Amino acid sequence: MQKIEVPFHQAHAKIREFYNVDKHHFIAMNGIDLGDKMEVQWFFSNYEIPGDVTMFTTFTNYEDIIPSLSDFIKSAWVTECEFYDLFDVKIEGAKKGFVLEPDAQDNAPLRRKK
Amino acid sequence: MKRTLTIPMGSQHIALLEPLHFRFTCENEKIVGVDADVGYVHRGIELACASKFKFRQVSFVVGRVCGLCSISHTTAYSQAAERLLGLDISKKAKYLRILVIELDRLHSHLLCLAHTAENTGFEALFMQIMRDREASMELLELVTGNRVQFDYSCVGGVTRDITTDIEKELTRKLAKLKTDLEELYEVFRTNWSLSLRYKGVGALNAQQIKELNAVGPLARAAGVAIDVRSDTEDLLPWKEVGYKMMVEQTGDVYARNIVRFREMFNSFEIIENVLRGMPQGDLVTETKANPQGEAVSRLEAPRGELFYYIKGNNTPVLERVKIKAPTFSNVAAFIEIFKGQEYASVPPILASLDPCLSCTAR
């Protein structure tokens, strides 16, 4: 797996520069709550190179709004809505209630609790 | 005169096996807008895996993500954990993993085809396929000890070996099942009534599949050659046991059915080769280490690419387990596929998409 760390404010531009719809398959978006900040990851595989997986990673505060990739990856909204539900960290355009019910007891199960 | 209607479907519906909600906006009979809600069965499995269970137990916890593709989840997780631990498992364990993965594909594809027949109004065909599917369920029980929640793969290998008697039973029952499926294949290929509901219905083309990042038989039916088995030779020896990529071109319900049949015939070939070439070796490779660092693992489950990301911090409990199931990747495609279709075609299209909400919501 190739890991590419990018500054938060350049994440959208760097991934857009990398992504080619005919070449890359967007696998998923992932997050890790590090206690004082979030690590955000985007995974891609390559149709042409067997076994090739690229991970873009960046770090952000809980209050930051993560840029959406939906403007160039049509299906990105699915994983972005899930991310917002599970971590309660905002992503441009993402709506709550996609994976969790709006009245769920724990509204951000993967956020570390103080 | 056009009349616009909003028709809800689900979360509980006769055409759905699991809770899923659609809102179709229709102009007369034609669907012009679709909205989906997949969030009914979130069980917090990712959180449990990274807080309540040790990494060795996690392979059994993730087996509970889904009753149908339990084997895929336990194997994909185990492969990721083995990568972190630097474990090289025996060739025998790899062969046994392939054996159960392909048995799992047989029963899962047969369930989908049965459901597609049922949603087209062919009750008798549904029952015939379910009867045949029973053979694959019995074989899974014979090999793993369970009909669902197989708990077969574990970190370091597999939990059970097969005996000569099991091998004989596998060969006997699979030969019968293969003959039965050849008859069913002819029905799906040539039955005129079925073709009215399947051909040209619910189609996506290759470009749409790539734009929507769809996976599995849905993508392969549209001519996109994406199958993790062709990508992960380092994890399991797929080429050695005769794996072949199955691709169709039309991307409709018919093509998805045909891809599934062709994959099942390839599964028979793979299982025969696995049994014929079963190597000697340990079932489990042991280690006392704790996982440290991060690793990903991909596996071709019956519905497509299953993805695991895990992160360890040199303690028995992992820091993060991320699961991306194939249906989750296909949600965006599900929504696109219905647009422009007749409302009456929704049940067979939905069945042919083979959604698994248990995996999706986790």
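Let me begin with a term: a polar contact is a pair of N or O atoms within 3.5 Å, where, within protein, one atom must be able to donate a hydrogen and the other to accept it. With that in mind, and remembering that what we are looking at is a predicted model, the rule finds 13 residue pairs in polar contact across the interface of chain B and chain A, both residues of each pair being at pLDDT 80 or more.

On the side of chain B that touches chain A, helix 11 of chain B supplies the largest share, five residues, and the residues of that side divide into 17 nonpolar, six polar and 14 charged.

How many salt bridges are there between chain B and chain A? The count is five, and in one pair, A:Glu82 with B:Arg362, the closest N and O atoms are 2.3 Å apart.

Turning to the extent of the contact, chain B contributes 37 residues and chain A contributes 41 residues, while the area buried between them is about 3,200 Å², with carbon and sulfur atoms giving 58% of it. In chain B, the residues that lose the most area to chain A are B:Lys210, B:Asn213 and B:Phe328, which together make up 18% of what that side buries.

Finally, a look at chain A by itself, which has two helices and four strands, arranged along the sequence as β-α-β-β-β-α. Its radius of gyration is 14 Å, which agrees with a compact globule, because a globule of 114 residues would have a value near 13 Å. Of those 114 residues of chain A, 54% count as buried.

Technical notes
Residues numbered from 1 in each chain as written. Chains lettered and ligands numbered in written order. Predicted model: local features only at pLDDT ≥ 70, side-chain atom pairs only at ≥ 80, totals over all residues. Heavy atoms only, no water. Contact = heavy atoms within 4.5 Å. Buried area = accessible area lost by both parts, 1.4 Å probe. Salt bridge = Lys/Arg side-chain N within 4 Å of Asp/Glu carboxyl O. Polar contact = N/O pair within 3.5 Å; in protein donor to acceptor, adjacent residues only side chain to side chain. Nonpolar A, V, L, I, M, F, W, Y, C, P; charged D, E, K, R; others polar. Rg over C-alpha atoms; globule rule 2.2 N^0.38 Å. Buried < 20%, exposed > 50% of the residue type's maximum accessible area, 1.4 Å probe, protein only.
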